[in-house]
Amino acid sequence: MSLPEIVFLLVMFVTMIGALITVLSGSIIYAMIGLVTTMFGIAGLYIYLNAPFIAMMQILIYVGAITILIAFAIMLSGPHYKRPKEWTTPVKFVVSLIVSLISFVVLFKVIMNAQWMQTKAKAFTITTENIGRVLFDKLMLPFELISLLIVVSIIGSIMLALIAKGEK
Amino acid sequence: MATPIYNNLYLFLFVGLFLLACGILGLLYRRTLIGMLISIELVMNGAGLNFVAFNRFASPDNAYGLAFTIFIMGIAAAEAAIALGIIILIFKRYRHIEGRDIKEMKD
């Protein structure tokens, strides 16, 4: 087994262990740290998929922006000792685990049984230039819709903050 | 020389599926709204990983999967911004952010 394969397996396990920490930890701060670990692992997987631009966007947007937003929300929503423990009743946990395992097993069988259309022995040479051309030539309408969505969400956040301050 | 193990579609699909299962588990059993939001982020990351993996292995000639992964990131950012604004409003009103006890959002 060569060095890139060992690093790949390491990145994969870091991603999965980060997801487990995100879900199973009792404190919400630890869950956030687990989310950061998962994001870095997925960025590593993107690099193994020959998509370094997506990996950079992943680190910038998820690790840089969304996690900081979540950290702000955690700190603004009450002191730590007043916060409820994340562990609920065992019955609820067992039921959630059953639902999650059922979906996992069913989709795992679907993945293993399906015939994916794979093109063998072909180099993947998509550069950032190709992504930009697809974004601005073929996918112009979804791109504009996403920018509209983000503008609406910014205005909505500002409105929510004004309501919270008492001004309308 | 044999093909390295990272040239295998199934490993990436497995990681995406694992993220989906973890996200469903967290979404169902977390008490606070922020925990549920973090679980939704996990699900969206699994979706993005699947998009890039299918683009890499199923149609390596175009870049549609990568472009849609960028769209998924934008949607996740907008969703996080709105959801966190609502969570802070809920905290100001109820003094807690447990999903179980929030029954009405408006007078």
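Predicted model: local features only at pLDDT ≥ 70, side-chain atom pairs only at ≥ 80, totals over all residues.
Visitor: What kind of elements make up chain A, and in what order do they come?

Guide: Chain A has six helices and zero strands, and read along its sequence the pattern is α-α-α-α-α-α. Of its 168 residues, 35% count as buried, and among its contacts with a separation of 6 or more, those between residues 24 or more positions apart account for 51%.

Visitor: How do you know that chain A and chain B touch, and how many residues take part?

Guide: Contact means heavy atoms within 4.5 Å, and by that rule 83 residues of chain A are in contact with 72 residues of chain B. On the side of chain A that touches chain B, the elements giving two or more residues are α1 (3-24), α2 (28-48), α3 (52-76), α4, α5 (128-138) and α6.

Visitor: What is the area buried between chain A and chain B, and which atoms give it?

Guide: The size of an interface is often given as the accessible area lost when the parts come together. Between chain A and chain B that buried area is about 7300 Å², and carbon and sulfur atoms give 80% of it. Val23(A), Leu49(A) and Phe124(A) supply 9% of the area that chain A buries against chain B, which is more than any other three residues.

Visitor: How many residue pairs are in polar contact between the two chains, and how many salt bridges are there between them?

Guide: Counting pairs with both residues at pLDDT 80 or more, there are seven residue pairs in polar contact between chain A and chain B, while the count of salt bridges between these chains is zero.

Visitor: Why is Tyr46(A) called buried?

Guide: Buried means under 20% relative accessible area, and Tyr46(A) has 1% relative accessibility, so Tyr46(A) counts as buried. Tyr46(A) lies in helix α2 of chain A, and, not counting residues up to four places away in sequence, Tyr46(A) touches residues of chain A including Ile54(A) and Gln58(A), and residues of chain B including Asn45(B), Leu49(B) and Thr69(B). The side chain of Tyr46(A) also reaches the backbone nitrogen of Leu49(B) at 3.4 Å.

Visitor: What makes Thr69(B) a buried residue, and which residues is Thr69(B) in contact with?

Guide: The limit for a buried residue is under 20%, and Thr69(B) has a relative accessible area of 2%, so Thr69(B) is buried. Thr69(B) lies in helix α3 (residues 64-94) of chain B, and, leaving aside neighbours within four places in sequence, Thr69(B) is in contact with Tyr46(A) and Ile54(A) from chain A and with Gly48(B), Phe51(B) and Val52(B) from chain B.

Visitor: Is Ser100(A) buried or exposed, and how do you know that?

Guide: Ser100(A) has 5% relative accessibility, and because buried means under 20%, Ser100(A) counts as buried. Ser100(A) is found in helix α4 (residues 90-113) of chain A, and, apart from neighbours within four places in sequence, Ser100(A) is in contact with Ala21(B), Ile24(B) and Leu25(B).

Visitor: What makes the pair Glu129(A) and Arg133(A) a salt bridge?

Guide: Side chains of opposite charge can pair when their charged atoms come close. The rule asks for a side-chain nitrogen of Lys or Arg within 4 Å of a carboxyl oxygen of Asp or Glu, and the side chains of Glu129(A) and Arg133(A) meet at 3.5 Å, N to O. Both residues lie in helix α5 of chain A, four residues apart, about one turn of the helix, and both are exposed. Over all chains, the count by this rule comes to one salt bridge.

Visitor: Which residues form the nonpolar patch on the surface?

Guide: The patch is formed by Val151(A), Ile154(A), Ile155(A), Ile158(A), Met159(A), Leu162(A) and Ile163(A), which together have about 590 Å² of accessible area. Patches are made of residues with over 30% relative accessible area, and Ile154(A), in helix α6 (residues 140-165) of chain A, is partly exposed with 47%.

How values were computed: Residues numbered from 1 in each chain as written. Chains lettered and ligands numbered in written order. Heavy atoms only, no water. Patch = residues over 30% accessible without salt bridge, like charges linked within 9 Å, V, L, I, M, F, W, Y side chains within 5 Å. Areas by Shrake-Rupley, 256 points an atom, 1.4 Å probe, with all protein chains shown as cover. Buried < 20%, exposed > 50% of the residue type's maximum accessible area, 1.4 Å probe, protein only. Buried area = accessible area lost by both parts, 1.4 Å probe. Polar contact = N/O pair within 3.5 Å; in protein donor to acceptor, adjacent residues only side chain to side chain.
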